Amino acid sequence: MMFRTSPYLSTVLAFAIVSFFIGELGDGLNIFQGIYLVNIGWNEGAIGIALSLMGFTALICQTFAGDLIDKAEHFFDRRKILVLAAIITACSALAIMFVRDDGSNTGHGFMYITKVIEGMASSFIQPCLAALTLANYGDDKFDSVMANNVLWGHI
């Protein structure tokens with residue numbers, strides 16, 4: 001006997017999986033980045049500045065990113081914007097592997113720049129996810145599916 005799933009269930013599951021990995025990409029990596037920077041000799045102040053730059057940049061850019069996502073419906077595929085934002089966020093987070101504490105501040109500047117880029121790219125992720133959820137489910141199911149997305153993004 002075969003089990004059949006409804007298209008609603010499969011898209012909800014797809015959104016949950018995307019939300020889970022996107023959530024880990026944004027907030028989950030910052031914890032490990034801080035630990036890595038301590039281990040290579042950075043002081044707590046420089047780590048705090050580096051990790052706060054991403055959040056502060058995302059705070060400033062997210063309103064503009066949401067407006068751009070809403071207006072870009074006819075010009076760009078929101079799924080492609082979501083994938084591009086996730087790739088840029090991941091690449092800028094992985095740039096930490098090139099940071100070394102060599103006694104100069106060159107590593108600090110590089111880290112600060114990558115965190116600003118990461119904040120700008122990550123500010124597109126939630127508006128894209130919300131716009132795709134609204135486009136797939138409409139107003140009547142948006143709240144429940146978006147709550148599910150937020151839940152899976154914070155696990």
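Tutor: Buried means under 20% relative accessible area, exposed means over 50%, and partly exposed lies in between, with a 1.4 Å probe and protein chains only. This is a predicted model, in which local features need pLDDT of at least 70 and side-chain atom pairs count only at pLDDT 80 or more, whereas totals for chains, interfaces and linings use all residues. Residues are numbered from 1 along each chain as its sequence is written, and side-chain values use heavy atoms, with hydrogens and water left out.

Student: Is Phe124 buried, partly exposed or exposed?

Tutor: Phe124 lies in the loop between helix H4 (106–122) and H5; helices (H or I, at least four residues) and strands (E, at least two) are DSSP runs, numbered from the N terminus. The relative accessible area of Phe124 is 24%, so this residue is partly exposed.

Student: Which residues does Phe124 contact, leaving aside neighbours within four places in sequence?

Tutor: Contact means heavy atoms within 4.5 Å. The C-alpha atoms of Phe124 and Gln62 are 6.5 Å apart, although 62 residues separate the two in sequence. With neighbours within four places set aside, the contacts of Phe124 are Ala65, Leu68, Ile69, Ile81 and Ala85.

Student: How many helices and strands does the chain have?

Tutor: From the N terminus on, the elements run α-α-α-α-α. The chain accordingly has five helices and zero strands.

Student: How is H3 oriented relative to H5, roughly parallel or roughly antiparallel?

Tutor: The two axes come within 9 Å and cross at roughly 155 degrees; axes are lines fitted to C-alpha atoms, for helices over the stretch in contact, and angles run from 0 to 180 degrees between N-to-C directions. Angles under 35 degrees count as roughly parallel, over 145 as roughly antiparallel, 65 to 115 as roughly perpendicular and the rest as oblique. H3 is therefore, relative to H5, roughly antiparallel.

Student: How many residues in the contact of H3 with H5 are nonpolar, polar and charged?

Tutor: H3 contributes Arg78, Arg79, Ile81, Leu82, Ala85, Ala86 and Thr89, and H5 contributes Ile125, Cys128, Leu129, Ala131, Leu132 and Ala135. Ala, Val, Leu, Ile, Met, Phe, Trp, Tyr, Cys and Pro count as nonpolar, Asp, Glu, Lys and Arg as charged, and the others, Gly among them, as polar. The division is ten nonpolar, one polar and two charged.

Student: Is Thr89 buried or exposed?

Tutor: Thr89 is part of helix H3. Apart from neighbours within four places in sequence, its contacts are Leu25, Glu118, Ala121, Ser122 and Ile125. Because its relative accessibility is 1%, Thr89 is buried.

Student: At what angle do H2 and H5 pack?

Tutor: Gln62, Ala65, Gly66 and Ile69 in H2 meet Gln126, Pro127, Cys128 and Ala131 in H5. This contact has five nonpolar, three polar and no charged residues. The axes of helix H2 (residues 44–71) and H5 are 8 Å apart, and the packing angle is about 35 degrees.
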